[in-house]
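Here are my notes for a colleague opening this structure for the first time. Please read them with the model on screen.

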Amino acid sequence: MSTADIAFIGAGKMAESLIGGAVRAGAFSAARMVISDTDPRRLAEVGERYGVATAPDNVAAAAAADCVVLAVKPQDMDAALSDVSRAGRGEGAVFVSIAAGVKVARIRSALGAECAVFRAMPNLPVTVGEGACVVCGEGGRGDIETVGRLFGSSGVVEFVDEGLMDAFTALSGSGPGFVAAFAESLAAAAEKLGISRRTAERFAVQTVFGAAAMMKAGTPPDGLREMVTSPGGTTAAGLSALERGGFSAAVESALAAARRRAEELSSQGGKK
């Protein structure tokens with residue numbers, strides 16, 4: 001008989017963020033979670049911090065739960081799958097991988113059981129409860145609800161076809177890096193206008209955050225742009241300069257390049 005709702009195979013930063021988000025949101029009880037990790041110190045730290053049970057190994061963790069989250073690095077996936085398969089979890093169990101580039105078919109083939117298998121890609125802002133996660137895979141309504149509740153507790157979640165995972169890797173996976181690069185450029189340009197570096201960075205970050213908060217609250221991107229832009233005004237002048245510099249084309253190229261690289265990594269099984 002199962003003794004936990006969810007087992008985390010791996011107690012890294014992303015697993016910790018998902019555990020913390022689920023506990024804070026009340027999506028799952030810490031008392032109904034179990035974790036395992038090859039690093040005893042890390043395992044003890046996460047277990048104590050959130051009040052979740054720790055297992056002596058991956059096999060014990062997987063055997064104790066209805067839903068098993070494979071929160072390991074791609075290069076460690078084969079070993080984790082071997083451990084999980086030895087736990088004997090068959091029909092009725094749910095398995096979710098957050099390892100980049102590891103496809104559903106590979107996981108299902110390794111487990112060799114009639115179980116629900118999902119692949120999820122949460123992005124880094126999950127660590128502050130503002131993540132964007134896409135999920136693909138197959139399972140029953142209850143399985144989908146469980147997975148959606150887990151990842152939705154740390155941000156927004158969307159179920160998509162696996163063929164779109166590489167595109168979302170470019171958008172939400174790499175996107176925070178692109179936004180950070182824009183904030184860096186904004187601050188550097190402001191510094192050249194005479195604003196101190198520290199203040200320029202503070203205001204650049206707050207400006208990005210404030211704009212994102214408005215859009216998250218319901219103002220669409222084009223609507224916010226129109227609200228800020230007056231004919232012949234400063235924003236209009238700046239936007240014109242951005243387009244003359246190829247801003248939109250550069251963003252499109254960035255996403256295309258990121259998607260191509262994601263496709264390459266996926267074809268390698270997420271091992272590089």
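This is a predicted model: local features need pLDDT of at least 70, side-chain atom pairs count only at pLDDT 80 or more; totals for chains, interfaces and linings use all residues.

1. Strand 6 is covered on both faces. On one side, Ala116, Phe118, Ala120 and Pro122 are buried. On the other, Val117, Arg119 and Met121 are buried too. That makes 7 of the 7 residues buried, so strand 6 is largely enclosed by the rest of the structure. The two lists follow a simple rule: in a regular strand, side chains alternate between the two faces of the sheet.

2. Next, the sheet around it. The sheet is open and has 8 strands, in the order 3-2-1-4-5-6-7-8, with mixed pairing. Strand 3 (53–54) and strand 8 stand at its edges. Each has a single partner strand, so one side of each is left without a neighbour in the sheet.

3. Look at the pairing on one side of strand 6. Strand 5 (residues 94–97) runs parallel to strand 6, and the two pair over 4 bridges. Valine 94 has alanine 116 of strand 6 as its bridge partner.

4. Now the pairing with strand 7. Strand 6 and strand 7 (residues 131–138) pair in the antiparallel sense, over 6 bridges. Arginine 119 has cysteine 136 of strand 7 as its bridge partner. Alanine 120 stands opposite valine 135 in strand 7. Proline 122 has cysteine 133 of strand 7 as its bridge partner.

5. Strand 7 and strand 8 (155–159) pair in the parallel sense over 5 bridges. Cysteine 133 stands opposite valine 157 in strand 8. Cysteine 133 is also the bridge partner of proline 122.

6. Which elements cover the buried residues of helix 7 (165–173)? The cover includes strand 6, strand 7, helix 8 (175–192) and helix 12. The buried residues in helix 7 are Met165, Asp166, Ala170 and Ser172.

7. The second largest pocket deserves a look. It holds about 850 Å³ of space. Its lining has 39 residues, and the closest to its centre are Val72, Lys73, Pro74, Ile98 and Ala99. By class, the lining has 20 nonpolar, 11 polar and 8 charged residues.

8. Which element gives the most to that lining? Helix 12 (247–267) does, with 5 residues. Helix 1 (13–25), helix 4 (77–86), strand 6, helix 7 and helix 12 each supply at least two residues.

9. Turn to leucine 18, in helix 1. Is leucine 18 buried or exposed? Leucine 18 has a relative accessible area of 1%, so it counts as buried. Beyond residues up to four places away in sequence, leucine 18 touches Phe8, Ile98, Val126, Leu150, Phe151 and Ser154. One of these, Ile98, is among the residues closest to the centre of the second largest pocket. Threonine 229 is 211 residues from leucine 18 along the chain, and their C-alpha atoms are separated by 39 Å.

10. Phenylalanine 28 is found in the loop between helix 1 and strand 2 (33–36). Its relative accessibility is 7%, so phenylalanine 28 counts as buried. Leaving out residues up to four places away, phenylalanine 28 touches Asp5, Ile6, Ala22, Val23, Met33, Thr146, Arg149 and Leu150. Phenylalanine 28 and threonine 146 are 118 residues apart in sequence. In space, their C-alpha atoms are 9.5 Å apart.

11. Finish at serine 153. This residue lies in the loop between helix 6 (141–152) and strand 8. Serine 153 has a relative accessible area of 18%; the cut-off is under 20%, so serine 153 is buried. A polar atom of its side chain lies 2.6 Å from the backbone oxygen of leucine 150. Setting aside neighbours within four places in sequence, serine 153 is in contact with Gly21, Ala22, Ala25 and Ala27. Ala22 is also touched by phenylalanine 28. Leucine 150 is touched by leucine 18 and by phenylalanine 28.

Notes
Residues are numbered from 1 along each chain as its sequence is written. Side-chain values use heavy atoms; hydrogens and water are left out. Buried means under 20% relative accessible area, exposed over 50%, partly exposed in between (1.4 Å probe, protein chains only). A polar contact is a pair of N or O atoms within 3.5 Å; within protein, one must be able to donate a hydrogen and the other to accept it, and residues adjacent in sequence count only if both atoms are side-chain atoms. Contact means heavy atoms within 4.5 Å. On a 1 Å grid over the protein atoms alone, a cavity is a set of points where a 1.4 Å probe fits but cannot get out, and a pocket is an open set with protein on both sides within 12 Å along at least five of seven lines; lining residues have an atom within 4 Å of a point. Grid points are joined across faces, edges and corners, and a volume is the space filled by probe spheres set on the points. Ala, Val, Leu, Ile, Met, Phe, Trp, Tyr, Cys and Pro count as nonpolar, Asp, Glu, Lys and Arg as charged, and the others, Gly among them, as polar. Two strands pair if DSSP finds at least two bridges between them.
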